[in-house]
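Student: I have a model open and want to know what each label rests on. Can we take the terms one by one?

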Amino acid sequence: MAPTKKIAMLVIFFTLVNTSINAYATEKDFAHCESTVERWAASSLDAEIKDVRHTLRDFLFFLHIPRTAGRTYFHCFLKKMYTSYLACPRSYDKLRFDPSKPDCRLMVTHDDYSMVSKLPKERTSIVTILRNPVDRVFSTYEFSVEVAARFLVHPNLTSATRMTGRIRAKNNEISTLDIWPWKYLVPWMREDLFSRRDARKRGDFSAIRESRDSFDMEDVVMPLREFINDPVAHDIIHNGATFQVAGLTNNSYFSESHEVRHCVRKYQALGEYVLEVAKRRLDNMLYVGLTEDHRESATMFANVVGLQVISQLQALSSRMEQAEKNKSDMSSSFQNYPPYNNDFAQARDISVAENVGTTYENTTVGKLMEAYEKCISNLRKAQSRRRTISLEKISPANFTKEARLQVPDVVLQRIMSLNNLDVELYKYAQDIFAQQRNRLMQKLVEPESQLITFSNSYGIHHWKVLSLGMTVLLLLLLFLLVNARRTTSKVKV
C-alpha cells in the first residue's frame, strides 16, 4: 500500500475514533444534564404550597419581572396600601432585610423566585405580571439604551464611571446600577455608546449607509439585531420571564441554579422542565397580571389583591380599637386575630395601626382605583420627560411605537425563537388571567360584593347598582301592567 493511502486511512481512522469519542462524551454530558435538571424540577414541584392560593397571607412578595409595568403597580398600588411601617426596606438588588422583622409584610423586587427561600414560605403570597415576550425584549433594549445614554453628558467613559461611583458612595442609595438585570445591561450598553461616539469622532462610520430605522442606527447605538444575538442577552434577557419565575436567573439564591441554567442553555430540549416548573408556580400565585391588558389587569389587581389588603388593614384597625378598650386583656385578643400568626408581624402592630387604621378605615376598591388613575398619569408624564431628555443624546435614534413597525420580520422571528419558553409561558399566563376574570365575575353576583366590574374606565359602576336598577325597572313594569288591567276591567263593567 502506497504511503499516501496509508496516511489517508490513518486520518480517516482517527477521525472516526475522535467522532465516536465526542459523540459518547456528548451523550454522557446530556445524560448528566438531563438528570440534573430532572432532579431540580422534581424537588421544585414537590416544595410547592398549593392550599389557599387565592387568599392573601401574612406576607406579599411581588415578583417584578423587568419591563412589565411592575413599577406602576408598586408606586400606584402597593405603596399606597402598605405604609412604610409595613413595607420591607428597599431591596431591589439583593436581600437587605430580615423577614422576621415584625412589621415587614411587603417585598417588591426583581429578584427571582429563589427569594422565596429567604421568606416565610407558608405565610407568603406571590403576585407577578407577564408581558408579550417580543414587546418585553424591545422594552428591555430601549430602557438599557435610555439609562446608558444619560452618561453621555460626560466627556468619556472613564469620567462617567468615576463620577457615578462618587455619587453612589455619597448618597448611599440604591440606584439602577445596583438592580438586576440593569447592573449588567446598563454598563454594557454604556460602554458601547461611548465606543460608538468615539468612533464617529474618528470617522470610522463614514462608509456606513445612513439609516432611518431607529433600531438599526449602527453609528449611534447598538442595533437591535446585534443586541439580541449577544451572549449577554442570551444569558440575561431571552426566556428571562421563565427563568425568573423558575428561580434560575444569574441572580438566583438556589445553589444548583448555575448548573441547571448551563444545562438548559446548552440543551434546548431540557427547557421543557423549566417551563413546567414556571407554569406550576404561576398556578399557585395569588394574582397573575398581563401588561397588554393593563386597564383590566389593574382593576383585577385592585379587586383580587387590593380588596384583601384593605380588609386586613381594616381588621387591624378594629382590633387595635378593641385593644385600647381592653388593654389588660390585649395579649389574649391577639391570639384570635386572623390572618396574622402570633410569631410573625406582631411586635409593632400598635404603631402600624396608628398609621394605617384611619387612612384605610373607609377605603374602597373604587377609591383605590381613582387614586391609581391619578398616580399613573403623573408617573407616566415624569417617565416620558426623562425618556425624552435621555434619547436626545442619541438623536436621531428615537424609540417609538411607529419605529418598532419598521423592524424587519426576520428580527422579530429571531426574538420569538430565542424566547420560545417565554412565548409558551405567556400563553399559559393568558389562560390564568382568563380564569381569574371568570372567578371575579362570579363573585360580582354575590350579596354584599365590594368588587368592581370592568365595564367602564376603572369600574365606576358596581354590579349591585345594575341589579338594583333592573329590579326597580321590573317593579315599575309590574305596576303599569296591574294598573292597565284595572282600567280595562272598569271599562268592561
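Tutor: Start with burial. Buried means under 20% relative accessible area, exposed means over 50%, and partly exposed is in between (1.4 Å probe, protein chains only). This is a predicted model, where local features need pLDDT of at least 70 and side-chain atom pairs count only at pLDDT 80 or more, while totals for chains, interfaces and linings use all residues. Residues are numbered from 1 along each chain as its sequence is written, and side-chain values use heavy atoms, with hydrogens and water left out.

Student: Why is Thr 72 called buried?

Tutor: Its relative accessible area is 10%. The cut-off is under 20%, so Thr 72 counts as buried. Thr 72 sits in helix H2. Helices here are DSSP runs of H or I with at least four residues, strands are runs of E with at least two, and numbering goes from the N terminus.

Student: What does Thr 72 contact, leaving aside neighbours within four places in sequence?

Tutor: Phe 77, His 294, Tyr 372, Ile 376 and Leu 379. Contact means heavy atoms within 4.5 Å.

Student: Why does Arg 131 count as buried?

Tutor: Its relative accessibility is 19%. That falls under the 20% limit, so Arg 131 is buried. Arg 131 lies in the loop between S3 and H3.

Student: What makes the pair Arg 131 and Ser 139 a polar contact?

Tutor: Their side chains are joined at 3.4 Å. A polar contact is a pair of N or O atoms within 3.5 Å; within protein, one must be able to donate a hydrogen and the other to accept it, and residues adjacent in sequence count only if both atoms are side-chain atoms. A polar atom of the Arg 131 side chain also lies 2.8 Å from the backbone oxygen of Arg 67.

Student: What makes Arg 404 and Glu 142 a salt bridge?

Tutor: The rule asks for a side-chain nitrogen of Lys or Arg within 4 Å of a carboxyl oxygen of Asp or Glu. Here the N to O distance is 3.0 Å, so the pair qualifies. Arg 404 lies in helix H15 (residues 401-404) and Glu 142 in helix H3, so the pair ties together parts 262 residues apart in sequence. Both Arg 404 and Glu 142 are buried.

Student: How do you know that Arg 387 and Glu 146 form a salt bridge?

Tutor: Their closest N and O atoms are 3.6 Å apart, and the limit is 4 Å. Arg 387 is partly exposed, because its relative accessible area is 21%. Glu 146 is buried at 5%. Asp 135, Glu 142, Glu 146, Arg 150, Arg 387 and Arg 404 are linked in a network of salt bridges.

Student: How many salt bridges does the rule give?

Tutor: The count comes to 18. Another of the pairs is Asp 235 with Arg 261, at 2.3 Å between the closest N and O atoms.

Student: Which residues of helix H16 are buried, and why do they line one face?

Tutor: Val 411, Ile 415 and Leu 418 are the buried ones. Seen down the axis of H16, they fall within an arc of 70 degrees, so they line one face. The arc is that of the directions from the helix axis to the C-beta atoms. The face turned away from the buried side carries the exposed Asp 409, Val 410 and Gln 413.
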